[in-house]
Amino acid sequence: MARAQGARAGMALGFESVYGTPPASGSFWKMPFASTTLGTDQPLLGNELLGYGRDPLPPVKDAITSDGDVVVPIDPRFLGIWLKALFGAPTTTGASAPYTHEFQSGAYNLPSMAIEVQNPDVPSFRMMSGVKANSISWTMNRSGLVTATISCIAQGESKATSSAAGTLTEMALGRFGAFNGAIKREGTLLADVVSGQITYTNNLDRVETIRDDGKIGGADEGIAMLSGEVVVRFGDTVLLDQAVSGAPCELDFGYTIDADTKLNLVAHEVYLPRPRLPITGPGGMQATFAWQAALNSAEGVMCTATLLNDVADFDNPS
């Protein structure tokens with residue numbers, strides 16, 4: 001008997017035209033991922049009734065929860081699909097490659113997805129429908145693999161012994177490396193940065209309606225939030241002076257392979273808290289700035305993600 005292995009697992013993703021209704025077979029991408037916890041659980045409630053002795057009566061099923069995380073590579077092609085889920089459809093320019101896709105925060109109606117997690121050896125194919133991307137988080141370091149964690153909320157899950165996604169459309173994978181990364185302040189490379197952490201969240205609110213299939217009614221968009229940390233060697237007082245004054249600045253978190261292959265997330269108005277400056281030994285001192293972004297009145301948005309690649313659009317394949 002075959003047993004499921006991560007090396008044989010697969011993931012298919014397609015955008016839904018109607019919330020909770022997966023697209024037709026053949027309208028899915030084959031998605032790369034490092035790990036996932038996407039799935040459905042339903043806990044049991046212990047029976048509290050008395051009068052039947054010391055041994056408990058059978059438990060009762062509680063509400064169903066469908067959600068989880070997907071750890072994905074930060075790359076110039078597939079990341080555009082996740083950015084569409086997080087920000088909504090981009091504004092795309094360019095008659096031919098390279099195409100420039102501009103995603104902006106603050107969209108009111110985010111698209112929903114259907115994601116099928118595949119274990120063909122069992123076989124088990126679990127289709128998550130009504131999936132919305134709640135947040136993305138990643139860390140920028142000098143070395144190491146560059147991945148992001150996407151947190152999702154789904155309406156429900158259906159199980160089958162064969163795939164409902166059909167033949168998947170594939171794209172070539174070309175990952176950004178840690179050495180491709182840079183953090184800029186007001187357009188100038190920020191000096192002595194040790195690491196950076198970025199989290200964008202849509203603060204989705206589950207609509208937990210009462211219905212006979214156990215599914216939620218939807219996931220409504222809340223107030224978006226963009227925040228993170230920048231850890232720097234204490235070599236100047238540029239960030240410290242800004243924190244003390246309370247003035248905002250623009251931060252740009254980017255990866256560049258070449259002139260035609262780039263990713264930039266620009267937080268247009270960033271505020272810094274005043275940090276402690278600990279001295280922990282004879283080595284270099286570091287300061288951690290836990291920044292928060294806000295709406296910039298001139299740009300009209302809190303942040304803009306710009307992706308340059310050779311993909312014309314992120315509509316479902318057909």
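How exposed is Arg8 in terms of relative accessibility? At 45% relative accessibility, Arg8 counts as partly exposed. Buried means under 20% relative accessible area, exposed over 50%, and partly exposed in between (1.4 Å probe, protein chains only).

## Basis

This is a predicted model: local features need pLDDT of at least 70, side-chain atom pairs count only at pLDDT 80 or more, and totals for chains, interfaces and linings use all residues. Residues are numbered from 1 along each chain as its sequence is written, and side-chain values use heavy atoms, leaving out hydrogens and water.

## Salt bridges

The whole structure holds seven salt bridges. Each is a side-chain nitrogen of Lys or Arg within 4 Å of a carboxyl oxygen of Asp or Glu. One of them pairs Arg8 with Asp121, with the closest N and O atoms 3.0 Å apart. Arg8 sits in the segment before strand S1 (10-15), and Asp121 in the loop between strands S10 (113-119) and S11 (124-140), 113 residues apart. Helices (H or I, at least four residues) and strands (E, at least two) are DSSP runs, numbered from the N terminus. Asp121 is partly exposed at 23%.

Arg77 bridges to Asp310 at 2.9 Å between the closest N and O atoms. Arg77 lies in the loop between strand S7 (65-73) and helix H1 (78-87), and Asp310 in the segment after strand S23 (303-309), so the pair ties together parts 233 residues apart in sequence. Arg77 is buried at 19%; Asp310 is partly exposed at 41%.

## His268

His268 belongs to strand S21 (residues 261-271). His268 is buried, at 11% relative accessible area. Its contacts (heavy atoms within 4.5 Å) include Cys249, Glu250 and Asn296, not counting residues up to four places away in sequence.
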